[in-house]
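Subject: Structure handover

Hello,

I am passing this structure on to you. Please look through it first; my notes on what was found follow below.

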Amino acid sequence: MVNSNYSNIVYWLGDSLYLNITNRCSNRCYFCFRHYWNGIAGFNLKLREEPDPKRVIEDLKKHISRRRWVEVVFCGFGEPTVRLDCILEVARWIKRHYPGIRIRLDTNGHGLLLNPGRDVVRELKDAGVDAVSVSLNGHDEETYNKVCRPDFKDAYKSILEFIKRAKNESLDVEVTAVRIPEIDILKVHDLAANLGVKFRVREFIPCFY
Ligand code: SF4
C-alpha cells in the first residue's frame with residue numbers, strides 16, 4: 001500500500017537503493033508506469049517538490065549504512081538527467097563516502113538534448129557514475145516517436161549518440177526495451193549489439209509492477 005502522505009526520495013528494491021529526484025520527463029510513453037500507480041513496493045514516488053541535492057544526501061545518509069547495498073540507482077518517477085547538476089553532486093558525495101558502491105543511472109537517453117552545451121556523459125563519468133541503463137522503446141525512429149511521444153524531434157538520434165558516448169567513456173552500458181506489440185525486440189537487440197552494448201528486455205505488465 002503506497003502512503004500518499006509522504007513522498008519518497010530514497011527507496012529500495014532488493015540490494016539496490018534508488019533515488020527519485022524528479023517527476024519531470026521529456027517523454028510521454030503510453031505504457032508509463034506513472035499512469036497506473038503512485039509508487040512501487042509501498043513507496044510513494046509522486047514528489048510534492050523536487051528535493052535539492054542537500055536534501056537527497058540527507059535522506060541518503062539515513063539509509064545508505066543500513067546494509068551492504070550493491071548499487072545506488074538514479075531512477076524514479078521521471079527522467080533524472082532533467083536535473084544533471086543534482087545527479088553530479090549526489091554521485092560525487094556517494095563516491096567520496098562510499099567508494100565501493102556502484103552508481104547507475106536509469107535514463108531515457110535524452111541527456112544531451114536536455115543539457116545542451118554540456119559534456120553530459122563525461123561529467124557523469126567524472127562524478128563517479130559507473131553504469132547507465134538506457135530505455136530505447138523503439139526499433140526505429142518512427143516507432144519510438146509513436147510509443148514514447150518525446151518532447152524533442154530528434155530524440156531517437158540523440159539517444160543513439162548518448163549510448164555511443166557512454167560506451168566511449170567506458171561506462172557499463174545497457175539498453176532496455178519494454179515488450180509491447182509495437183516494438184520488434186529482436187531489432188532493438190541487434191541495434192544494441194551493433195553499438196557494442198548489453199541488452200535487456202523488460203516485461204510489460206500493466207497495473208502490476
Ligand atoms: S521515459 Fe520513463 S518516466 Fe518518462 S514517460 Fe517514458 S516510461 Fe514514463
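Pro53, Val56 and Ile57 of helix H1 make contact with Cys86, Glu89, Val90 and Trp93 of helix H2. Sorted by type, the residues of this contact comprise six nonpolar, no polar and one charged. H1 covers residues 53–63 and H2 covers residues 84–97. Their axes lie 9 Å apart, and the two helices pack at an angle of about 35°. The crossing of H1 past H2 is right-handed.

Please keep in mind that this is a predicted model.

On the protein as a whole: there are seven helices and nine strands. The C-alpha atoms fill a box of roughly 45 × 40 × 30 Å along the principal axes. For 209 residues, a compact globule would have a radius of gyration near 17 Å, and the protein agrees with this because its own value is 16 Å. Of the 209 residues, 37% are buried. Among contacts in the protein with a separation of 6 or more, 80% are between residues 24 or more positions apart.

There is also a ligand. Which residues surround the ligand? Around the ligand are Cys25, Asn27, Arg28, Cys29, Cys32 and Arg34, together with Gly78, Glu79, Asn108, Ser135 and Cys148.

Regards

Methods: Residues numbered from 1 in each chain as written. Predicted model: local features only at pLDDT ≥ 70, side-chain atom pairs only at ≥ 80, totals over all residues. Near = placed C-beta within 6 Å. Helix = DSSP H or I, 4+ residues; strand = E, 2+ residues; numbered from the N terminus. Rg over C-alpha atoms; globule rule 2.2 N^0.38 Å. Buried ≥ 20, exposed ≤ 12 C-beta atoms within 10 Å, placed from the backbone. Contact = placed C-beta atoms within 7 Å. Axes fitted to C-alpha atoms, helices over the stretch in contact; angles between N-to-C directions. Left-handed = near helix turned anticlockwise from the far one by under 90°. Nonpolar A, V, L, I, M, F, W, Y, C, P; charged D, E, K, R; others polar.
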